[in-house]
Amino acid sequence: MKRFLLWAGVVIGASTIGVLLFLIFSTCVFGNHVYALATCTEPETCERCGETRGEPLGHVYTEATCTEPSVCLRCGEHHADALGHEWLPVTCTEPEICARCGTTQGEPLGHKMTDATYQAPATCTRCGHTEGEPLTPALAEYTINELTVGEPVPYTTASIADHAVDVTGTAEITDYRVIDGDEIFPAREGYEWHVATIRLVFSGEDAQQNGAQSAYTFGDYYILDDSISGHADENGMRTFAADWYGMRVKCWQKTGETVENDWYGQELRFTWEEGVLVPKGYDGVLLILFNFRQAEDATRLYLPASDVLDEEALVFRMK
Ligand SMILES: [Zn+2]
Ligand SMILES: [Zn+2]
Ligand SMILES: [Zn+2]
Ligand SMILES: [Zn+2]
C-alpha cells in the first residue's frame with residue numbers, strides 16, 4: 001500500500017509537471033505571451049492568443065516629389081501620387097522650367113527683335129530686352145544754331161525794300177508750350193501741339209530804311225524731312241512727315257496768332273505763334289529761321305529743310 005501511494009504520488013507529480021509545462025509552453029495562462037513585432041498598422045500581437053500590447057507604429061511616409069510618389073518607408077504603402085512638374089512658361093532666354101525641382105524641358109524661344117528706330121534700340125517684343133542703340137539722327141553730326149527759349153540771338157535776313165540788302169536784328173523764342181489743342185490749334189487723338197512764340201526785332205537804320213522780311217520752315221531732326229507742303233489746306237494746316245518708332249507718321253503745321261507785326265517806335269517787331277501737331281511725345285520737329293532771300297529766290301516760303309539748313313540758319317527744336 002505504501003508503495004502504491006508512492007507511485008501514485010510520482011505519477012501525479014509527473015502529470016502536474018507535464019500539465020504545467022504544457023500550460024507554460026503552449027498557452028498564455030501565466031501571461032507569457034509570445035509577441036510578434038509591431039507593424040505600421042498592427043500593435044505587438046501575441047502569436048498564440050492574439051493579445052496586443054502598445055500601439056501600431058504608424059506609417060513613415062516619404063515626401064512626394066515631382067516624379068516620385070509618397071510611400072511608407074517601412075511597409076511601402078502608397079500614400080500619394082507623384083506631384084508632377086509645375087511648369088513655368090518658356091521665355092526668350094529660359095526653357096520651360098519646373099518651379100519645384102528645376103527640371104527643364106524644350107528650348108528657350110529666343111528674342112523677337114524689332115529693328116532699331118530713331119526713338120528706340122532694337123527691342124524684343126516679348127520681354128523688352130534691347131540691343132545696341134537707337135538709329136543715329138540725320139542731324140546728329142550737323143552744326144546747327146540752336147535757339148533756346150528766352151535767349152535772343154542775331155538774325156540776318158533780306159530787307160523788304162531791297163532783297164539784295166541784308167538787315168540784322170534779333171530772333172527769340174519767347175515762349176514754348178505743349179498743349180492738346182485750343183480754338184486755334186485743333187486737338188487730334190494721339191497727337192499734341194507744340195507751340196512756339198517767335199519774336200523778331202529789327203532796329204537801326206538799315207531796318208528803318210528797308211524793313212525786314214522773315215522766312216522760316218520746318219524740318220525734322222531725325223530724318224531731315226523735306227516733305228513740308230508748300231500749300232496750306234482751308235484750315236491753314238500744312239502736312240509734313242515724322243519718323244516715330246519706325247513709322248512714317250503724318251504731322252501738321254499751323255501758323256497761330258500774330259501778336260506784333262509793325263513798327264513800335266524805333267523797332268520793327270514780328271511776334272507770332274507757330275504750332276506743329278505731332279504724335280504725343282515726338283521731339284524731332286525743327287523750326288528753322290533762314291534768310292528770306294533764299295525763299296525769294298525759290299519763289300516759295302516753307303523751303304525744304306535741307307535747302308536752308310546751314311550755319312546761318314537758326315533752329316529751334318520743338319521738343
Ligand atoms: Zn498570448
Ligand atoms: Zn507603413
Ligand atoms: Zn518638377
Ligand atoms: Zn526677348
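User: How do β17 and strand β18 pair, and over how many bridges?

Analyst: They pair in the antiparallel sense over 10 bridges, with β18 covering residues 267-279. Trp252 stands opposite Leu277 in β18. Strands here are DSSP runs of E with at least two residues, helices are runs of H or I with at least four, both numbered from the N terminus, and two strands pair if DSSP finds at least two bridges between them. Bear in mind that this is a predicted model: local features need pLDDT of at least 70 and side-chain atom pairs count only at pLDDT 80 or more, while totals for chains, interfaces and linings use all residues. Residues are numbered from 1 along each chain as its sequence is written, and chains are lettered from A and ligands numbered from 1 in the order in which they are written.

User: What's in the turn between β17 and β18?

Analyst: It's a hairpin with two residues between the strands, and Gly265 in the turn has a positive phi of about 65°.

User: And which strand does β16 join?

Analyst: Strand β16 (residues 237-244) is joined to β17 (residues 247-264) by eight bridges, and the two run antiparallel. Ala241 stands opposite Lys250 in β17. That hairpin also has two residues between its strands, and Tyr245 takes a positive phi near 50° there.

User: What about Met247, buried or exposed?

Analyst: Exposed, because Met247 has 9 C-beta neighbours inside 10 Å.

User: Switching topic: which residues touch the most other members of the largest nonpolar core?

Analyst: Phe218 and Ile288, out of 50 residues in that core. A nonpolar core is a set of buried Ala, Val, Leu, Ile, Met, Phe, Trp, Tyr and Cys residues joined through C-beta atoms within 7 Å. Leaving aside neighbours within four places in sequence, Ile288 has contacts (C-beta atoms, placed from the backbone, within 7 Å) that include Phe218, Val308 and Leu309.

User: What about helix α1, how far does it reach?

Analyst: α1 (residues 2-26) reaches 35 Å from its first C-alpha to its last, close to the 36 Å expected, which is 1.5 Å times one less than its number of residues. The helix is hardly covered, as the count of buried residues among its 25 residues is zero.

User: And overall, how many helices and strands are there?

Analyst: Four helices and 20 strands. The radius of gyration, taken over C-alpha atoms, is 50 Å, well over the 20 Å from the globule rule (2.2 Å times the number of residues to the power 0.38) for 319 residues, so the protein is more spread out than a compact globule. The C-alpha trace spans about 180 × 35 × 35 Å along its principal axes, and buried residues make up 23% of the 319 residues.

Conventions: Buried ≥ 20, exposed ≤ 12 C-beta atoms within 10 Å, placed from the backbone. Contact = placed C-beta atoms within 7 Å.
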